[in-house]
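Dear colleague,

I am handing over the structure below, together with some notes on what turned up in it. Please read the notes with the coordinates open beside them.

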Amino acid sequence: MQVIDLQANGLCKRFGKAAPVFLGLDFSIRQGDCVALVGANGTGKSTLLRCCLGLIAPDAGRISLLGMTMADLGPAARRDLRARTGLVGQKHNLVPRLSVLSNVIHGFLGRHSGPRYWVHSLAPAWARAAAMTALEKVGLADLALRRADQLSGGQSQRVAIARALVCNPRFLVADEPCASLDPQAGEEVMALFMTLVKREGVTVLFTSHNVQHALSYGDRILGLQGGRIAIDAPSADVTPLEMAKLYG
Amino acid sequence: MDSSARTLPHRFNRPGGIGFVSYVIVAFAILWSLEGAGWSVDRLLSSPPKLADFFSRAWPPSTHNLERLAWKMVETLQIAVAGAAIGIVLSLPIALLAARGVLVGRGVNLVVRIILGFIRAVPDLAWALVFVVAVGLGPFAGMLAIAIDTIGFCGRFFADDMENTDPGPAEALTATGARRIDIAASAVIPAALPAFVSTSLFGLEKAVRASTILGLVGAGGIGIELKVGFDLFDYPTAMTVILMIAVVVIGVEQIGAVLRQKIIGPGR
Ligand SMILES: Nc1ncnc2c1ncn2[C@@H]1O[C@H](COP(=O)(O)OP(=O)(O)OP(=O)(O)O)[C@@H](O)[C@H]1O
Ligand SMILES: [Mg+2]
């Protein structure tokens, strides 16, 4: 039987008096899927990802994540659920004045609490080692002690990925993970995500403006247009023409 | 040309009815206040000779008790530094409770901000009077007054500094499931640190300015010499005290400006 990791029903969201971003979205994501969320600028991809992780509440509709409904959970259970998910934001959202290594160690804060996880100097040896391993995976081990606000865009992107991966999430959400990466690094990061999906059964939901990436790495395509789901199909069944229409 | 089709935004907005009425009200309020403050052209015109008389009697500044005054100035700075340091340290936890969306709910934020507002509303000399009653005459009362005054100032502005940090890193840590206290310590405070340093330096400058006057109510420092100088018509000594205060306050402000520049960097 297929396990459903994310189930969204009738999602609606609008910001203030602006036109609504979603007018009722229904979709589901199965465990181990790698889903590409596509759509033109401002169609609400980032907003949808935030709703999925319970970072903002939808105006209407329900989201069930890993079998739980964020809105029904108390603070402790909510943290527990979030500790099993990872987010790579569109803005990389590193803490600017701390080192790369400290930023990656923050990835453990969902499972552990206290000053030992605030900065790398105080962190336990296992956490530092695990953070270095994560940095090696994204090819940044040599910049571990660099301040996060002194990185290039692509480097900080990769640190954000390392922070999201360090506590082995079951469900990984990545908002344009390759946007500031050079083509080579972009392929490597997508390949890394694919390895996670195939080897460790991680579920990945990513957005991309790179149609080629979406079609070749996504098992499924979710296309947003005009506040509705315009495409929801296996990527093999989606034609380039259908993709082009999303942006037309 | 298609520029006629595109309407350019107005450079200025003509004030509406309510706007015009409020300008008139403000103008009347100012005139009314001048009247209440005893505005008097006669007395203003007769003041220069009296001022000149004061300066001629106060000049040259006295130098024969310079050493005693210098030590009083050192005590003044000690009051300021000790009081500001205690105030700054206590401000941090209080500011964490006052900052919206950091540690606690809106209700607590509001209560803490009202208390901080009350602390600021009470003038530093009034705090000094209160502490003179509580712990007796002398610099200790002054130091406590400076500490509470600094809490009122730094508590509020530390909280504002934290609210003004980029919410992105905090959101990222929320998404990992971090607790609020961990988010505050590992994302909000590090990002607000340069602003904290700047605010603290302003707090110290404010403390130095305030500490020079505490002596007027017997709470220690060089202010007592100013009062005695005027009471005994020893204007040269009073002049020396005024000049010393000016030099120290300007000096501290300059050092503060240099440190701020060093720590925060230009243009940030
Ligand atoms: N916090 C907010 N307050 C008000 N409006 C918002 C907010 N966040 C997003 N919006 C609006 O919601 C809409 C969707 O924004 P969102 O960031 O989700 O788009 P996106 O699909 O991720 O776009 P992009 O491809 O540019 O990243 C936009 O019109 C945006 O202006
Ligand atoms: Mg976006």
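Helices here are DSSP runs of H or I with at least four residues, and they are numbered from the N terminus. With that in mind, just after α1(B) there is a positive phi of about 70° at Gly38(B). Please bear in mind throughout that this is a predicted model.

Helix α1 of chain B covers residues 17-36, and at 1.5 Å a residue its 20 residues should span 28 Å; the end C-alpha atoms lie 29 Å apart, which agrees. This helix is hardly covered, since the count of buried residues among its 20 residues is 0. One of its residues is Val26(B), which is partly exposed with a relative accessible area of 48%.

Val26(B) also belongs to a nonpolar surface patch of about 830 Å², made together with Ile30(B), Leu31(B), Leu34(B), Trp39(B), Val41(B), Leu44(B) and Leu45(B). Two helices of chain B, α1 and α2 (41-58), each supply at least two residues of this patch, and the largest share, 4 residues, comes from α1(B).

In general, side chains of opposite charge can pair when their charged atoms come close. Over all chains, a search of the whole structure finds 19 salt bridges. One of the pairs joins Arg57(B) and Asp53(B), with 3.3 Å from N to O. Because these two residues are 4 residues apart in helix α2 of chain B, Arg57(B) and Asp53(B) are separated by about one helical turn. As background, an α-helix has 3.6 residues a turn, so residues three or four places apart point the same way. Arg57(B) counts as partly exposed at 46% relative accessibility, and Asp53(B) is likewise partly exposed, at 36%.

Which residue of chain A forms a salt bridge with Glu171(B)? The partner is Arg50(A), and the closest N and O atoms of the two are 2.7 Å apart. This pair crosses between chains, running from helix α7 (residues 167-176) of chain B, where Glu171(B) sits, to helix α1 of chain A, which holds Arg50(A). At 30% relative accessibility, Arg50(A) counts as partly exposed.

In chain A, the side chains of Asp33(A) and Arg30(A) meet in a salt bridge at 3.6 Å, N to O. Asp33(A) is buried, with a relative accessible area of 8%, whereas Arg30(A) is partly exposed at 31%. In chain B, a network of salt bridges links Arg100(B), Arg113(B), Arg156(B), Asp160(B) and Glu163(B).

Next comes the metal site. The magnesium ion (ligand 2) is coordinated by OG of Ser46(A) and OE1 of Gln90(A), at 2.0 to 2.1 Å. These two residues link distant parts of the chain, being 44 residues apart: Ser46(A) lies in helix α1 (residues 45-52) of chain A, and Gln90(A) in the loop between β6 (85-88) and α3 (100-105) of chain A. Ser46(A) is buried, with a relative accessible area of 18%, while Gln90(A) is partly exposed at 38%.

The loop that holds Gln90(A) is also the place of Asn93(A). Asn93(A) has a positive phi of about 60° although it is not a glycine, and at 14% relative accessibility it counts as buried. Such a value is worth a second look, as most residues other than glycine have a negative phi. Glu176(A) is another residue other than glycine with a positive phi, near 45°. Glu176(A) lies in the loop between β7 (171-175) and α6 (183-200) of chain A, and its relative accessibility of 11% makes it count as buried.

Finally, is Thr237(B) buried or exposed? Thr237(B) is found in helix α10 (residues 235-264) of chain B, and its relative accessibility is 3%, so it counts as buried, given that buried means under 20% relative accessible area. Leaving aside residues up to four places away in sequence, Thr237(B) touches Ser62(B), Asn65(B) and Leu69(B).

With best regards

Definitions and conventions
Residues are numbered from 1 along each chain as its sequence is written. Chains are lettered from A and ligands numbered from 1 in the order in which they are written. This is a predicted model: local features need pLDDT of at least 70, side-chain atom pairs count only at pLDDT 80 or more; totals for chains, interfaces and linings use all residues. Side-chain values use heavy atoms; hydrogens and water are left out. Donors are N, O and S atoms within 2.8 Å of the metal (3.2 Å for Na, K and Ca); water is not among the atoms, so sites may look incomplete. Buried means under 20% relative accessible area, exposed over 50%, partly exposed in between (1.4 Å probe, protein chains only). The expected span of a helix is 1.5 Å times one less than its number of residues. Contact means heavy atoms within 4.5 Å. Patches are made of residues with over 30% relative accessible area and no salt bridge: like charges are joined within 9 Å, nonpolar side chains (Val, Leu, Ile, Met, Phe, Trp, Tyr) within 5 Å. Accessible areas come from the Shrake-Rupley method with a 1.4 Å probe; for residues, only the protein chains shown count as cover. A salt bridge is a side-chain nitrogen of Lys or Arg within 4 Å of a carboxyl oxygen of Asp or Glu.
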